[in-house]
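Subject: Structure for you to look at

Hello,

Here is the structure I said I would pass on.

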Amino acid sequence: MPGEMDEIVAEFLVESYESLDRLDRDLLALERDPGSRDVLASIFRTMHTIKGTCGFLGFLKLERIAHSAESLLAGVRDGSLAITPQTAGALLATGDVLRLILRQIEVSGTDGDDDHDALVAELERLRMAPENVNPTTTTAAEATPQPAAPTRGARPRSALTDTTVRVDVGLLDRLMTLVGELVLARNHLVELAADRPEPSLASATQSVDHITAELQESVMKTRLQPIRTAWSTFPRVVRDLAVALDKRARLETVGDDTELDRSIIEAIKDPLTHIVRNAVDHGIEEPELRIAAGKPAEGVVSVRAYHEGGQVTIEVSDDGAGIELGAVRAKAVELASMTPEQATRMSEPDVVDLLFVPGFSTADQVTTVSGRGVGMDVVRTNIERIGGSIDVSSRSGEGTTFKIRIPLTLAIIPVLIATAADERFAIPQANLLELVGIVPGSIETLHDVPVFRLRDRLLPVVSLARELHLDDGVEESLAGRFLIVLQADDRRYGLVVDGLSDPSEIVVKPLGSHLNGLEVFAGATILGDGHVGLILDVVGLADRAGVAGAVHERTLDLERHDEGPHDRRALLVFAGPGGGRMAVPLELVDRLEEFPRAVVEGSGFAEAVPYGDRILPLLPVNDLLDERRREPRRAGEDMPAELQVLVHRRGDDLVGLVVGRIIDIVEQPPELHAASRPGVSGTMFVQGRITEIIDLPALLEAREDRRRLDVSGAAS
């Protein structure tokens with residue numbers, strides 16, 4: 001086909017080629033054993049499938065031939081015709097002609113100009129002939145024009161079948177399991193190499209690491225499926241439900257080709273179906289109400305999927321009436337879960353969150369569609385079980401949007417290894433926001449709840465050792481430990497741990513059925529040293545610690561009321577290699593990394609380090625700036641032995657900005673003074689020190705301009 005072949009047609013061609021190969025084998029078997037009903041049924045199903053699909057796709061010539069062959073087979077099946085050499089020959093010749101037409105479709109997109117009337121006439125003649133056909137009757141091979149009936153030795157080959165192979169799903173799962181074991185072995189090897197400074201071992205480990213990463217990515221791609229397989233039934237669901245409710249609605253989808261792991265697609269089918277049904281039932285209004293509100297009589301339910309930040313985001317929205325917050329508050333009071341005063345004081349997000357409470361429903365009566373209060377709580381539970389989250393936003397009279405974020409795969413995930421009371425636990429990076437060192441006095445108490453003030457925001461603090469009963473009830477100072485800021489649904493909290501290890505990728509192993517009641521653990525893994533590590537369930541840990549309880553909610557409410565309106569900007573403050581204070585806006589920093597100087601290698605005109613499955617170019621910040629001083633200034637900053645790097649993302653590329661020492665993250669109003677040199681947005685006082693605010697995009701663009709000039713100068 002010219003250009004990109006339509007995916008449906010491509011699948012039809014692959015399946016049809018395979019079916020015709022099976023047809024040849026079955027016909028030969030039927031010729032040897034004419035009484036085999038199973039073989040005859042297989043032949044009939046093959047021809048019937050080809051006829052039905054090509055008719056749907058509009059290949060009428062192909063359908064005409066397949067229909068004639070199917071009619072002949074129907075006579076054989078009901079016993080009115082017998083399998084004779086002439087009948088078998090005609091059906092085999094039919095398979096050859098069908099292959100020719102399939103090849104024509106593959107090349108040109110059409111089923112050709114030849115109607116193959118002679119073959120159709122022969123099939124019809126055999127169907128109408130008496131049971132004992134004259135052996136001298138002209139065969140299909142003779143009746144069919146010579147160019148259209150190739151010999152079996154010259155059967156045309158298909159480019160599709162040459163590049164496509166069908167693999168059993170069980171084999172793919174087995175490959176994924178083996179790759180997972182290889183990742184564990186890789187992690188063990190990396191940990192061993194880190195303790196043995198042998199260059200040959202380090203080089204071999206780096207090669208194994210790189211090859212394992214590529215193999216892992218390739219095998220994971222074999223398990224990916226387009227997300228449209230999860231919502232292929234939704235148009236029918238919307239249509240049938242709209243008819244049952246006397247409404248008019250249609251479904252629109254965007255991002256059908258967004259790919260997800262097969263296991264993830266299976267896990268989200270039911271939650272998505274429930275949300276779509278709710279959109280039609282609760283969201284879309286009756287046609288007369290929509291017309292009165294100035295809307296089209298037909299409502300629209302939109303499902304959109306896209307990649308975002310290493311995850312897949314699915315949005316299900318409708319243009320209906322939106323969530324009636326007053327009705328939700330009234331229902332909460334009716335169920336005696338709160339007083340009218342408490343319901344009135346609730347914020348809009350808190351009111352919407354009531355929809356996920358088990359047993360909560362705003363429907364006036366129980367129907368086959370809704371009203372039992374069973375559904376949205378199960379939706380959230382199922383989505384969170386696979387490491388996802390769900391948010392709801394609604395505008396009265398305009399509609400409601402459900403935003404679901406889910407991981408690409410469940411098999412291998414990036415984590416941060418944390419230590420509590422000499423035990424190690426894995427924390428999924430999808431839930432991790434930032435890491436903070438705890439200093440004396442940074443943990444405060446509000447309403448008997450420990451909180452941490454992070455850039456003028458209060459976070460409830462949870463001690464991992466205490467929640468898991470690993471501290472023996474002994475009160476110890478938190479100073480010198482680490483606070484991991486986590487996101488659990490719409491809640492943020494700080495998790496206190498004793499120590500941290502480097503981020504790594506782990507293979508998720510499910511817990512046994514006898515451990516299903518442990519809400520704080522999402523699974524287990526084998527760590528690099530061969531020991532078992534438990535994977536924390538961030539949401540379950542928050543629930544167990546009572547982060548969603550009334551006390552913590554009051555703490556967060558105080559935080560919201562005390563903040564007030566302000567215009568502040570988060571800055572990452574660092575010392576340049578020369579000692580001067582600098583800062584960049586935090587939104588420009590993708591990650592913070594440390595690299596041993598020994599791993600830095602030359603790459604072209606710059607230095608670089610291996611970074612996952614890619615190469616990260618390193619750019620010292622002082623090389624990008626115009627340094628006017630003859631001697632670098634020193635401000636008492638102790639420079640670390642390892643390179644400290646700010647990883648910045650430019651489109652799909654990453655670049656590492658080498659700084660002297662990372663100092664802090666601050667948030668304050670952007671009161672800039674005049675810039676001191678090119679590449680600097682301005683200067684401002686940060687923590688009592690004059691600090692240059694780096695214009696990182698402008699610096700990198702200027703560097704690219706200089707490189708282009710150098711290349712053009714060298715070429716001339």
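I start with a pair of residues: L486 stands opposite Y493 in β15. Strands here are DSSP runs of E with at least two residues, helices are runs of H or I with at least four, and both are numbered from the N terminus. The model is predicted, so local features need pLDDT of at least 70 and side-chain atom pairs count only at pLDDT 80 or more, while totals for chains, interfaces and linings use all residues. Residues are numbered from 1 along each chain as its sequence is written, and side-chain values use heavy atoms, with hydrogens and water left out.

The sheet around β15

Strands β14 (residues 482-488) and β15 (residues 491-497) run antiparallel and are joined by 7 bridges; two strands pair if DSSP finds at least two bridges between them. An open sheet of 6 strands has the order β10-β14-β15-β13-β12-β11, and its pairing is mixed. Because β10 (432-437) and β11 (443-446) stand at the edges with a single partner strand each, one side of each has no neighbour in the sheet. From one strand to the next, the twist averages 40°. Helix α19 (residues 538-545) lies across β13 (457-463), β14 and β15, and runs at about 85° to β15. Axes are lines fitted to C-alpha atoms, for helices over the stretch in contact (heavy atoms within 4.5 Å), and angles run from 0 to 180 degrees between N-to-C directions.

Strand β21

In β21 (residues 581-585), 5 of 5 residues are buried, that is, under 20% relative accessible area with a 1.4 Å probe, protein chains only. R581, A583 and P585 are on one side, with M582 and V584 on the other. Strand β20 (residues 569-575) pairs with β21 in the antiparallel sense over 5 bridges, and A575 has R581 as its bridge partner. Strand β30 (residues 689-694) pairs with β21 in the parallel sense over 2 bridges, where M582 has E692 as its bridge partner.

Helix α2

Helix α2 (residues 37-57) has 21 residues and should span 30 Å, which agrees with the 30 Å between its end C-alpha atoms. The expected span is 1.5 Å times one less than the number of residues. Buried residues in α2 include V39, I43, M47 and I50. An α-helix has 3.6 residues a turn, so residues three or four places apart point the same way. After α2 comes G58, with a positive phi near 90°.

Regards

Key: Buried < 20%, exposed > 50% of the residue type's maximum accessible area, 1.4 Å probe, protein only.
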